[in-house]
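Hello,

Here is the structure to look at. Please open it first, then read the notes that follow.

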Amino acid sequence: IYGELDVDSSGEISYGEWCNYIIASEMKAGTKLGKLMDKQRAIHTEEKSTSTQTYVKSVRKGIPKKIVKTFKPITVCGAYSTGNSVSQELMDFLRVFQPLAEKSLVGKKDRQRKFAYADQNHNGYASLAEIEVYIKYSLTSAFPKIKAKDLFLRFRKCFIKAFQRAKSLHDAEGDGQLNGTTCEEYVTFSEFRLFNAYLCIYAAMLDAFSQINATSDRIDFPEFMASYNHVRDYGFVAFSAMDHVKEATEIYGELDVDSSGEISYGEWCNYIIASEMKAGTKLGKLMDKQRAIHTEEKSTSTQTYVKSVRKGIPKKIVKTFKPITVCGAYSTGNSVSQELMDFLRVFQPLAEKSLVGKKDRQRKFAYADQNHNGY
């Protein structure tokens with residue numbers, strides 16, 4: 001194989017020779033990757049509607065409504081799935097943090113790496129300020145600086161909600177109360193997975209809240225009645241049955257706990273959580289503190305985390321990745337680096353034939369094509 005790779009017989013293999021040999025081998029074997037890399041085949045199978053003319057038209061007149069409002073659902077911990085009414089900003093936010101909420105070797109490794117970034121002094125505890133640094137770092141790693149800042153500010157109100165709920169999971173005294181102990185004032189690694197889950201869920205609640213009132217911290221009755229239809233399809237039991245004005249009026253009365261005539265974000269969240277728990281949904285069980293702590297990863301205690309930081313993550317975790325598949329043609333193997341996996345997570349979604357992928361491509365190409373001429 002080395003002899004075949006060294007096409008110019010120079011005694012060394014260049015990167016160009018390396019790539020050409022791999023592509024030629026795939027094409028010769030007739031694999032999906034070979035067909036994808038075959039220029040003639042690839043151009044004939046490409047999306048017919050994404051010509052330069054179509055792209056320019058979409059930039060000038062706006063993307064069709066059906067593309068804007070149709071997203072492939074994102075599911076958090078098997079408990080919450082986004083509905084069709086969610087915003088593009090929420091979807092972008094969830095794509096960053098949802099993988100960190102999942103119980104998997106890849107998710108656990110990502111959490112160890114990200115928690116180490118938040119926990120600068122490696123003592124096993126993360127404050128709210130440190131958590132905000134972690135969130136900002138994660139967003140800037142995934143998006144351009146301005147986009148990351150916009151997402152950070154848009155969802156910042158939910159950070160403290162997720163932090164408070166996650167840190168209260170550690171109840172060393174077993175009395176169900178916060179007693180001011182160190183563990184109860186910080187998020188530990190054992191709570192970090194659920195923190196990311198809560199971050200996603202509270203972000204969805206805030207996104208729904210903003211659909212009715214995006215300019216202030218409270219929703220009054222006229223605002224709610226004018227826009228309640230916008231939150232029916234958000235994936236929450238609380239609002240799924242608001243088919244008529246009568247139901248919406250009753251729900252508004254239940255939301256306004258303090259009878260102030262306005263609904264706060266806190267009342268909004270509490271009502272959604274209470275409704276899910278009352279209905280016995282998976283989301284309700286996830287938000288139930290007592291159930292959540294008993295189902296958490298047993299091996300991710302603070303002591304285990306500190307040990308992993310000092311001695312390194314076990315080899316089986318480092319080298320085991322959930323494969324990423326590009327266009328159904330190439331799947332990563334077990335020998336790939338973490339850096340490649342991180343790189344592919346950013347660009348692989350843009351390579352897929354789907355409405356979400358197409359919309360993302362239009363948005364990203366518009367960023368590259370500053371003068372909107374299609375080139």
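**Overall picture**

Of the 375 residues of the protein chain, 41% count as buried. The model is predicted, so please read every value below as computed from it. The protein chain has 23 helices and eight strands. Among contacts in the protein chain with a separation of 6 or more, 63% are between residues 24 or more positions apart.

Two packed helices are described by the angle between their axes and the distance between the axes.

Start with helix H7 (residues 88-97) and helix H9 (residues 128-142). Their axes are 10 Å apart, and the two helices pack at an angle of about 105°. An angle of 65 to 115 degrees counts as roughly perpendicular, so H7 is roughly perpendicular to H9. On the H7 side the contact is made by Phe93, Val96 and Phe97, and on the H9 side by Tyr134, Ile135, Ser138, Leu139 and Ala142. What kinds of residue make up the contact of H7 with H9? Seven are nonpolar, one is polar and none is charged.

Now take H8 and H13. These helices pack at an angle of about 105°, with their axes 10 Å apart. H8 and H13 are therefore roughly perpendicular to each other. H8 contributes Lys108, Arg111, Gln112, Lys114 and Phe115 to the contact, while H13 contributes Phe189, Phe192 and Arg193. The residues of this contact of H8 with H13 divide into three nonpolar, one polar and four charged.

**Aromatic rings**

A pair of aromatic rings is described by the distance of the centres and the angle of the planes.

How many aromatic pairs does the structure hold? There are 20 aromatic pairs in the structure. One of them is formed by Phe115 and Phe192, with 5.1 Å centre to centre and 70° between the planes, and this pair is edge-to-face. Phe115 belongs to helix H8 (residues 105-118) and Phe192 to helix H13 (residues 189-212), so the pair links distant parts of the chain, 77 residues apart. Are these two residues buried or exposed? The cut-off for buried is under 20% relative accessible area. Phe115 has 0% relative accessibility and therefore counts as buried. Phe192 is also buried, with a relative accessible area of 0%.

Tyr125 and Tyr186 form an aromatic pair that is tilted, at 6.0 Å centre to centre and 55° between the planes. This pair too links distant parts of the chain, 61 residues apart: Tyr125 is in strand S3 (residues 125-126), and Tyr186 is in the loop between helix H12 (182-185) and strand S4 (187-188). Tyr186 counts as partly exposed, at 31% relative accessibility.

Ring pairs also link a set of residues into a cluster: Phe93, Phe97, Phe115, Tyr134, Phe152, Phe155, Phe159, Phe189, Phe192 and Phe195. Among them, Phe93, Phe97 and Tyr134 are part of the contact between H7 and H9, and Phe115, Phe189 and Phe192 are part of the contact between H8 and H13.

**Charges over rings**

The charged end of Lys136 sits over the ring of Phe152, at 4.8 Å from the ring centre. The charged end of Lys147 sits over the ring of Phe143, at 5.9 Å from the ring centre.

**Two residues with positive phi**

Cys77 is not a glycine, yet its phi is positive, about 55°. Cys77 lies in the loop between strand S1 (75-76) and strand S2 (80-81). With a relative accessible area of 22%, Cys77 is partly exposed.

Ser259, a residue other than glycine, also has a positive phi, near 55°. Where is Ser259 found? Ser259 is in the loop between helix H16 (245-255) and strand S6 (262-264). At 61% relative accessibility, Ser259 counts as exposed, because exposed means over 50%.

**Glu223**

The last item is Glu223, found in helix H14 (residues 221-227). Glu223 is partly exposed, with a relative accessible area of 25%. Leaving out residues up to four places away in sequence, Glu223 touches Ile212, Asn213 and Arg218. Glu223 and Ile212 are 11 residues apart along the chain, and their C-alpha atoms are separated by 6.4 Å.

Regards

Terms used: Residues numbered from 1 in each chain as written. Predicted model: local features only at pLDDT ≥ 70, side-chain atom pairs only at ≥ 80, totals over all residues. Heavy atoms only, no water. Axes fitted to C-alpha atoms, helices over the stretch in contact; angles between N-to-C directions. Helix = DSSP H or I, 4+ residues; strand = E, 2+ residues; numbered from the N terminus. Parallel < 35°, antiparallel > 145°, perpendicular 65-115°, else oblique. Contact = heavy atoms within 4.5 Å. Nonpolar A, V, L, I, M, F, W, Y, C, P; charged D, E, K, R; others polar. Phe/Tyr/Trp six-rings, centres within 6.5 Å; stacked < 30°, edge-to-face > 60°. Buried < 20%, exposed > 50% of the residue type's maximum accessible area, 1.4 Å probe, protein only. Lys NZ or Arg CZ within 6 Å of the ring centre and 35° of its normal.
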